[in-house]
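Take a look at the sequence and the 3D view below. We'll start with one residue and then step back to the bigger picture.

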Amino acid sequence: MIKISPSLLSADFSNLSSEIERIKDHADYIHFDVMDGHFVPNLTIGPMIIQSVRGKTGLPFDVHLMIANPDPYLKTYADSGADILTVHAETCPTLYRTLSSIRSLGKKAGLALNPATPLAFAENVLEVLDLLLIMTVDPGFGAQSFIKSSLPKIQKAKELIKKADHLIELEVDGGIHPETAPLVKEAGATVLVAGSAVFSSHDDPKTAIQKLRG
C-alpha cells in the first residue's frame with residue numbers, strides 16, 4: 001500500500017501539536033521541510049521544533065534537509081528525533097560519506113534530487129541508501145504546480161532501485177494532490193509527500209489522506 005507523509009510546511013505552525021494529532025492515526029510518516037534560506041529561498045524549521053513535537057506521536061519523522069552543507073548538522077537532527085534524514089545531491093560533494101554518516105547515527109539515509117538533477121547521482125550510492133526522493137517541483141515553497149515531465153524520471157528511478165539488495169523507498173514530493181497522486185503511483189512511487197492537499201484541503205485530513213492513497 002502507498003505510504004503518505006504529510007508535510008507540516010502547510011500546517012498551522014501556531015499549533016503543531018494539534019495538527020499532528022489530526023493526522024497521526026491516518027498517516028505513515030510526518031514530513032519536516034527544513035529550509036535554510038541559502039540552498040532554497042526560504043527559512044522554515046530547525047531541530048528544536050522537531051524535538052518539541054517528537055513526543056506527540058510514534059510515527060517516523062521524515063526530515064528533508066534542504067540546507068547547504070548538511071554534514072555538520074546530521075547528528076543534531078538525528079538527536080532531535082528524526083528517523084529518516086534526507087539530503088540533497090546538489091549540496092553533498094562527498095555523497096557516499098554523507099549517507100554513510102546518516103546510517104552510522106542509526107537513521108535511514110535519504111537522497112533528494114531536484115527536477116533538473118540527473119538520476120545518475122543515485123547510481124553509485126544505492127548500497128547506503130534507504131530512500132530516494134524525486135522532487136517534482138523546485139524546492140523552497142509549498143503549494144507549487146506539479147512538473148509533469150518528472151514522471152519518466154520516477155519510472156527510471158523505480159528501475160534503478162531494483163538493482164539494490166535491500167528495500168529503498170521511492171518518495172515523491174511536490175504538487176501532490178488527488179489528481180497527480182495516481183500518476184506518480186503508476187510511475188512507481190511508494191511514498192507521497194503532501195502538504196496543502198492534506199492541511200489546506202476542504203476535506204478533513206483523514207479524508208484527504210484516503211483520497212491520496214486511492
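Which backbone nitrogen does the side chain of Thr57 reach? In this predicted model, the side chain of Thr57 gets to the backbone nitrogen of Leu59, at 3.0 Å. To find Thr57 yourself, go to the loop between α2 (47-53) and β3 (61-66). Thr57 has a relative accessible area of 12%, so it counts as buried, since the cut-off for that word is under 20%. Who else is around? If you skip the neighbours within four places in sequence, Thr57 is in contact with Ile20, Lys24 and Ile30.

Now zoom out to the sheet. Eight strands make up an open sheet, and the pairing is parallel. From one strand to the next, the twist averages 25°.

Here are some of the strands you can look up:

| Strand | Residues |
|---|---|
| β6 | 131-135 |
| β7 | 169-173 |
| β8 | 191-194 |

Strands β6 and β7 run parallel and are joined by five bridges. Met135 stands opposite Asp173 in β7. There's also a helix to spot: α9 (residues 205-213) packs on the sheet, where it touches β1 and β8. The direction of α9 makes about 135° with that of β1.

Note on methods:
Residues numbered from 1 in each chain as written. Predicted model: local features only at pLDDT ≥ 70, side-chain atom pairs only at ≥ 80, totals over all residues. Heavy atoms only, no water. Helix = DSSP H or I, 4+ residues; strand = E, 2+ residues; numbered from the N terminus. Buried < 20%, exposed > 50% of the residue type's maximum accessible area, 1.4 Å probe, protein only. Polar contact = N/O pair within 3.5 Å; in protein donor to acceptor, adjacent residues only side chain to side chain. Contact = heavy atoms within 4.5 Å. Pairing = 2+ DSSP bridges. Axes fitted to C-alpha atoms, helices over the stretch in contact; angles between N-to-C directions.
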